[in-house]
Amino acid sequence: MAAPPLIVPTLSPSGAIHFAAVTQDATVQDIIDALSTLDDVKEDILGGLEDCGWDVQKIRRSPPSGWDEAELRQFGNGLLDRNDKISPLLNSSKPPSLQRHFSAFPLSSHLHTPSIRLVSLHQLLRVTLTCLRVPDLEDDVDIEWFLARNVTAEEVVNGMIEEFGLTKVMGGVGGGNIDYVLEEAWVPKTGDPVTTRISSDANVSHIVETPLRPSPFPANMSARRIIRFCVPDEWYRRSKSRSLSLTPIDMGESSTESSSINEEDDESGGTEKQRPKLGMSAIPISPQTTGSGLMKRFSIWSVPPSSTALASVSSQPDIKQPEPESSPVVPQTTGGLWSSWWSGGSREPEKLKESDHTGSKSTGWYVEGIRNGKSNDTRLAKHLITLRVHLSTAKVAWIETFLDQEKGLEALSTLLGSLVGKGRKGRKLGDTEELVLLEVVKCLRVLLNTAPGYAQVLRSPALVTYITFALHGAGSKLRALTCDLLAAICVLSLSEGHRLVVGALSDYRVAFDEKFRFEELMDPLKLESDTNNQPTEDEGVWEARGATMGLIIALTSCSDALEERILLREEFSRRGLNEIMVGLRYIGPPESLVRQLDAYAEERFEDEEDLREQTRGLHEPQARNKTEDQYDPTLEQLVRIRNTYPGPFLHLELLLNVCEALLQRFITPDFKNNLFFILRTFAEHLSLLDDLDNWSRFLDQFSTSLEPLI
């Protein structure tokens, strides 16, 4: 029996997909021969131009760490050797994000995402794009882009963004949706170039053929014409101008405690010193004190008998309103939201003196130092240390001015985003940059310990994502601080904060190409093969493990939904948490970590027992008392199919399992509905298929039916 044909989806420069039916051992030349003779392919790409030959290009897939100039030069124009086999390209080209959206059936998995593009070698259907001011690409990098005759500038821009995985939104102050454009530039050997913006609906092939404007330079001045892919200079200048000079930092006697860059965080005092470390201050768990509801799920954190704040914690902290103007200003004491849980105190806003805003150490002075500083400059690290110490003892009114008027949290978010962005591109941070990153996280921890900072953090999903990205390649101290901060966000807001952190960890998986979610989060808990050479507690490893376990407990305990808590624990079990916990107990961990392990195991057991009780209470009465007229029609239909078609019903059970797994995924409802629409449409078309000889026609019809969705 002859082998079935290989269906190869091939993208054209216009964005259309053409399918070529070739043999299983087909080469690139076979694809060219199969498609280049079709009239609709010629019309789609050439649009009336002369046939000057064809080639096949491998579609670029942006690596997780982003592109650098060396990788782009190595890739070149991506044209394949005509003797290369096609089958290996189809089996290894799907991007990780799309692999998660479709089942990987051997005969059809490659059909969902084309991996090759058919291009014309006509000189008017290729253009060299020079990059400028593009956040994710080096300046002056040349990229050869192939065109169709009717492709517009907007389609070229969208294609570049998609193929190179370029950033669409820039967070922080001065951020927003990034505006990518094409420009025609006449570049002389000396002097500034003259540029002209290319309209989004302009035909790029026609511009390659005829310039938008003739050379503005005299004939005796040699000037060359280039097409730029860039972010306009005015996009960066649309807000107030930014000074590149760092504001001098006065490290006077008032900041003696922070004059050393390497000082320890706990020496700063204030609210930071009083804040409890989540998961590290645990008390022994007694069987008779497990409690119920929220208190039971937070049995890992200790609360003095006199305090009942934790039992009544809500999504918003209990902060008193500001005093009337006639009331005297009470001297500010250190402390914050978390310390009030243990001490019963709360932090009240005070009047802001005029000197607090106009002095040399005003809120504006601190924010400008962050915005104008360079991440590899030790002065910025010293500046952040000074800010952290000041935040720890500052009045709430001063902090409100820092956050609301001066946009201090946005400045910290932008700085943090730039630092973790380098990690996404595979670039290792320098020693000074690592120190700056650590100090930014410490400043955020102090701000989260105040009512204004707490509220703004919950309104900043991008900031929570940046904090999570700081875990990538982090040392023990930075990892402990980051996990501690994320756990606090979960606990302070049981609904919104927990959702933000879980979503940020999902973004982490995509950004750093994790095979499974929570994979790298588990790394500090894992033991080396030689347990006799384990790092000591002095080296910070136990602190990182305790903070990591505290974050895991917060993730699996904060949700009010029993099913979600169980699903998250099952996901951690698949990552190997159960085996890791056994190994940690074997090597004799600190007592605090033992209490965490006990609490996690106890809470898991109680939730599973509650689920079993709910299941028994739901199904046992129905099994005894259900009458004929109470049966669900869908259930009756499944029973009838099982009795009539016992063999095919096994496949239906597997399909139901796939649907259930899809329902349980943490994706948006709209995208989930789209996936079920694709699945249902595929099944409907499949029900009309008579035999596999019509498979190619079936795929064409199926692709056409998805055009409104795609």
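**Entry 1: a buried aspartate**

I began with D607, which at 2% relative accessibility counts as buried, where buried means under 20% relative accessible area, exposed over 50% and partly exposed in between, with a 1.4 Å probe and protein chains only. I found D607 in helix α25, residues 591-625, and I noted that helices (H or I, at least four residues) and strands (E, at least two) are DSSP runs numbered from the N terminus. From D607 I looked to E563, which is 44 residues away in sequence and 8.8 Å away in space, C-alpha to C-alpha.

I remind myself that this is a predicted model, in which local features need pLDDT of at least 70 and side-chain atom pairs count only at pLDDT 80 or more, while totals for chains, interfaces and linings use all residues. Residues are numbered from 1 along each chain as its sequence is written, and side-chain values use heavy atoms, with hydrogens and water left out.

**Entry 2: the whole protein**

I counted 29 helices and eleven strands in the protein, and of its 710 residues 45% count as buried. The accessible surface comes to about 36100 Å², of which 52% belongs to carbon and sulfur atoms; accessible areas come from the Shrake-Rupley method with a 1.4 Å probe, and for residues only the protein chains shown count as cover. Among the contacts with a separation of 6 or more, 70% are between residues 24 or more positions apart, contact meaning heavy atoms within 4.5 Å.

**Entry 3: the four-stranded sheet**

I then followed an open sheet of four strands in the order β2-β1-β4-β3, with mixed pairing, where two strands pair if DSSP finds at least two bridges between them. Its edge strands are β2 (17-22) and β3 (54-58), each of which pairs on one side only, and neighbouring strands are turned by 40 degrees against each other on average, direction ignored. For such values, axes are lines fitted to C-alpha atoms, for helices over the stretch in contact, and angles run from 0 to 180 degrees between N-to-C directions.

Strand β1 (residues 6-11) runs antiparallel to β2 and is joined to it by six bridges, and within β2 I found A21 as the bridge partner of I7. Helix α1 (residues 28-35) lies across β1, β2, β3 and β4 (116-120), and runs at about 115 degrees to β2.

**Entry 4: the five-stranded sheet**

A further open sheet, of five strands, has the order β6-β5-β11-β9-β10 with mixed pairing. At its edges are β6 (142-146) and β10 (194-197), each pairing on one side only, and the twist averages 40 degrees from one strand to the next. Helix α6 (residues 153-164) packs on this sheet, touching β5 (126-132), β6, β9 and β11 (223-230), and its direction makes about 120 degrees with that of β6.

I checked the pairings in turn: β5 and β11 run parallel and are joined by four bridges, with I227 of β11 as the bridge partner of L129. β9 and β11 pair in the antiparallel sense over eight bridges, and P188 stands opposite A223 in β11. Strand β9 (residues 181-188) is joined to β10 by four bridges in an antiparallel arrangement, where A185 stands opposite T195.

**Entry 5: two helix pairs**

Two packed helices are described by the angle between their axes and the distance between the axes. Helix α19 (residues 461-469) and helix α20 (residues 476-492) pack at an angle of about 145 degrees, with their axes 9 Å apart. In this pair V464, I467 and T468 of α19 meet T482, L485, L486 and I489 of α20, and the contact residues divide into five nonpolar, two polar and no charged. Here Ala, Val, Leu, Ile, Met, Phe, Trp, Tyr, Cys and Pro count as nonpolar, Asp, Glu, Lys and Arg as charged, and the others, Gly among them, as polar.

The axes of helix α21 (residues 496-511) and helix α22 (residues 541-557) come within 10 Å and cross at roughly 115 degrees. The contact is made by H498, V501, V502 and L505 of α21 with L551, A554 and L555 of α22, divided into six nonpolar, one polar and no charged.

**Entry 6: two loop residues with positive phi**

In the loop between α21 and α22 I came to D513, a residue other than glycine whose phi is positive, near 55 degrees, and which counts as partly exposed at 39% relative accessibility. K407 is in the loop between α15 (396-405) and α16 (408-424); K407 is not a glycine either, yet has a positive phi of about 55 degrees, and with a relative accessible area of 36% K407 is partly exposed.
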